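Take a look at the structure below.

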Amino acid sequence: MPNNPTSPSQPNSIHSPHIPTPMSGSSESPYIRLDVISGKNINVPSRRLPAGIYISINVDSRRSWKSTISVLSSEESAAWGDTVTLSSQASPAFSVEIRASYEADRMLGSGEVIGKLELSWDDLLNHGDEPFDISFPPVRDVHPSLTLKVAVVHDALSDSLIDCGIARDTDAGHVQFAAYMTSEDLSQLNTAVEHFQLVLDQCPVSHPDHAAALTNIAWARLQGYIRNDLQDIDGITSLFREALALRPQRHPDHPISLYNLATALNRRHNKKSTAADICEAAQLYHELLPLCPEGTYLRSIVEGPNGVDYVVGGCNNLPIDASEEGIYLRRVVLELCPQGHELRLSALGKLSSALRSLFTQRGNIDDLDESIQFSREAVSLCPEGHSDPAYYLNELAVSLGHYRFDHQGKPDDLDEAISLYEEALRLRPVGHEYRNVALNNLGGALVSRFKRRKDIDIDDITRAISLYREALTLSPPGHPHRDPTLNNFAVALTTRYEKLDVSEDLNEAIDLYRESLRLKRLDQPEYHLTLINLSLVLSSRFTHTQKNEDVEEAIDLCQKSLVALPSLHPGRCSSYAGLAKAYLSRYRIQHNPGDSSLAVDNVRLAAGHSTQGFPDRIEAALGWVAEAESHQHDSALEAYQVCLELFDNHVMTRSSIISRREAATAFSGARSLPVDAASCAIRGNSLRRAVELMEQGRGQQWSLASRLKTPVEDLESANPKLAHDYLELSKLLSNAAQNSATITDRAAADRAATKYRKLTEQWEAAVTEIRNLQAFSRFLLPPLYADLQAAARHGPVIILIASQYSCSAIIVPTSGDPHHIPLSSITLADLMTLKDRFTRAIRHASRMNPAETRTDLIVLLRTVWDEIMLPIVNVLENVLKLKRRSRIWLCPTAAFTSLPLHAASPFQTRADRSKEPCLEDLYVCSYTPTLSALIRSRQMMKRRVTPSFVAIGQGQPGAGKGKALSAVDSELELVHKLVPTTANRITISGDAATRAGALQALEENTWVHLACHGKQDPTQPYNSHFVMRDEHLTLLDIMDRDIPHAEFAFLSACHTAVGDEETPDEVIHLAAGLQFSGFKSVVGTLWEVDDAVAKHVVQAFYTYMFHPKEVGVMDPTKAAWALNCATHAVKTMVPLEQRMVFIHIGV
């Protein structure tokens, strides 16, 4: 719109009160319509950034017209498209001016003249009706120009300009200021300022032009400051700040006011280096940029070297500030550097460092993950020929290998960090200024790998120490990196001493720590680490020298570290652990009970310090367990409980099933935790607690995965919305876990892990909300004994506990308290020996003639009967009065999982020549991985559907996948005949028995018979598999399926029910996987099966399973009884090792 007051009905014309004689060329009409189209090469003489450009046409001293204000483009052009009707009778000539406006809204004065031309009417009309250009005098050697178009018209509209003193003084100020900018004559600046001051005096705070008046005088004074003609930059900045306050968001002049204040702050920072100025300027530009359309002159200036680039450079030179304000500033700076910006690389590095520093202060893994994300982008942006690409490689590696690995314990992070450090070291050859940094960092990662690996690789620690010795020679006294090199070198020596007992390392490490400590300032972030490290080695030396000053100094150092750290700092965990070690070392020598109590108090604090990562807290808790057991401290049971909870939480952070197992097996001493915890509870006469701890610690992998499949029918009745939200989150979490397992790209894996963690937090919040309901207060919490006893509803469950402290059994009866049976005649070592002997005996039996007596096996099974099962049977018969042929469930742990307990037999003949009954004569035996698994299977039995039966066989696997199984096809035919015709029966074999075909069949049928090769993977049990025609059908494939209506599976394949040696208490095998996916009743195998012989067991089993008197009945709960009958029935046809290979799992 025009900026001057106009007649509402006649906005764009100049009207004269009389019409003189027409001028030449305009005889038809005294009116001319002028179209102002566009302008180019528009430079402001004073170089001030205009709010816009407008055109002024002046016919005489009283009559003028102004176009709308057009935004100047980055190409220094403007477009209007305005039209004005002029009277050619008012004057023989007129002037055209290009002017800069410094207000986009209400103008104060007429702005600054960029160019002025005097024209006659003939000058216009000579161009006809085509657009034409007119050129103006040059500004800085460039001629501005306008594109116009004219036409003669017969009527006109009127317009007028109201002039005033304020406008005249403003215009005069602009003229003088433009002259000053050209001539650098200080008197002209002073005159300009005087004019602008007069205007300001006439525009008080309440005046609509007050902000414009402030801006004019402030801008003139700022240019004087820049040229060192004026000095009051603080006053100038205050004027701009006041103007901005009067032009809030959505005000047309808000963007230009943001720019003006930011420019003043930049100029003050340039001379005074005030951090607050550059930080505020960054935030102003951050607000300004979205208000500047692409292609505008304002945006080009803001994005230029004196705008955003200057601010980004200034902010990147500031020290790292991990406060909320500091992080916010770094985010602002990064947003000022979009993709392709030359300063984005450094902005990424600074934000990444700030987030990592924040992580070290509060231990929030989200901060570190985000830091790593930005570091990865920085590494990807580092161009070839960059002055120091190793810097960004090192930064990423430090975050991965030092911070995230320590916090989460993921081996992939450490491996990637070592690879990055190796590349960084290659880029910093001998003679490079920062080679010592690369040596230091790689050495630290190698030390970490040496400490965490179970198999000691001496090459890592040897190389690390060699790297540190080189780094130390490159960091002589006075070198800025000598302090960290001393500390890190000492850590390496301490680690070698602890692992390999190299005694001379201890004193050298102490000397290095002391020198490092002398070089450190009290306010250095790493100060507390050196205090703790020195404390730890002094405690170690005290155990050898027994010099009291060592342990007293160790205690004092840790106490100092606690004083130096705020209450939530993650590092306090190490301080508490260091104090615990010091007090414990003194207790071992001096036997003061007070030291023992102080050690427990501090290790309890270490294990419970929530801002530290789980690995360090677990290590502290495991140490607590070991010492409590060693000294029979009454906190032992508490220590076990804390350990189990920490393990559960730690493993839950991993998205994939395989990574969960890696997390569970990463800690030495953790393998026996569940059985040792139960043994501790038994020794404390707390049998119910022993059952609870055993259940909490065993089958952790299954327990975590089954949480996402927990039935919620009761919850759906009580709170349908909450149940729906929980189920949706469980589905999302399960899908995220499955998807993450297939990701190989490290950056993508990081994003998937972050997504999984966020979903986990939402899921846990939903679980907490459910627990707030009165009837669901223990939803998904470790079950209590009263809950677990439901597993014994149809017969007692016998938990066999093999601990380093004691071996025993606990019988969970149908009702009442559990019964403890000490197995005092057998130890864990005996069980391990027994297991090895069984392995050899079975291997030997497989090579024997079927008719030969299996003497070795008989001896071993008699041992199992006498030492293990007979004491249990005595309680079942004499205490619980359990009837013969009743059902019992065996729940073996640790070394017990490798023994065929169900086949235990006295192998004795009575005086009347009758045989002493064996376990399977007395009872119908089943196994269960955990009590919860059995309970869950029974709960799912409530939802039965019409049964369907599929027999899957693969006797001709692909090349290299095992020998042909000649009896498979006949076994499938046999099974097909024995299954009731009322069931929907299908057979899949040969080329159709593929991985995909088998998976589809598992999902679509309720009963399954599998006859093929089975393979248990001893190193990675989740890769255990059935051999199909094309690809393996793995345990992971099976676990990924949810088949709630599945009922029964017979696995006529080798090794389908034997777990791995690494985590026997996790019971990770194919049969357990099928039970987890939904099959309530499973027959599996403990070792290799002879398919030709096994066919007899299969025939007998299905004959009993589908009795002729029960036509059409398919009851999976009969499977244990049918297997028991079958193994008795084939005694004369099937050798002992092939009868006892089959076991039943489930309901």
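At what angle do helix H11 and helix H13 pack, and how far apart are their axes? In this predicted model, the angle is about 20 degrees, and the axes lie 11 Å apart. Angles under 35 degrees count as roughly parallel, so H11 is roughly parallel to H13. The crossing of H11 and H13 is left-handed.

Here are the two partners, with the residues that meet.

| Helix | Span | Residues in the contact |
|---|---|---|
| H11 | residues 344–362 | Leu345, Ser346, Gly349, Ser353, Arg356, Phe359, Thr360 |
| H13 | residues 389–408 | Tyr391, Tyr392, Glu395, Val398, Ser399, Tyr403, His407 |

What kinds of residues form the contact of H11 with H13? Six are nonpolar, six are polar and two are charged.

Now step back to the whole chain. How many helices and strands does the chain have? There are 43 helices and 22 strands. H11 and H13 are two of these helices.

Next comes overall size. The chain has a radius of gyration of 43 Å. For a compact globule of 1147 residues, the value would be near 32 Å. Along the principal axes, the C-alpha atoms fill a box of roughly 150 × 80 × 55 Å.

What percentage of the residues is buried? Of the 1147 residues in the chain, 56% are buried.

Last, consider contacts along the sequence. Take those between residues at least 6 apart in sequence. Among these contacts, 71% join residues at least 24 apart.

Technical notes
Residues are numbered from 1 along each chain as its sequence is written. This is a predicted model: local features need pLDDT of at least 70, side-chain atom pairs count only at pLDDT 80 or more; totals for chains, interfaces and linings use all residues. Side-chain values use heavy atoms; hydrogens and water are left out. Axes are lines fitted to C-alpha atoms, for helices over the stretch in contact, and angles run from 0 to 180 degrees between N-to-C directions. Helices (H or I, at least four residues) and strands (E, at least two) are DSSP runs, numbered from the N terminus. Angles under 35 degrees count as roughly parallel, over 145 as roughly antiparallel, 65 to 115 as roughly perpendicular and the rest as oblique. A crossing is left-handed if the near helix is turned anticlockwise from the far one by less than a right angle, and right-handed if clockwise. Contact means heavy atoms within 4.5 Å. Ala, Val, Leu, Ile, Met, Phe, Trp, Tyr, Cys and Pro count as nonpolar, Asp, Glu, Lys and Arg as charged, and the others, Gly among them, as polar. The radius of gyration is taken over C-alpha atoms; the globule rule is 2.2 Å times the number of residues to the power 0.38. Buried means under 20% relative accessible area, exposed over 50%, partly exposed in between (1.4 Å probe, protein chains only).
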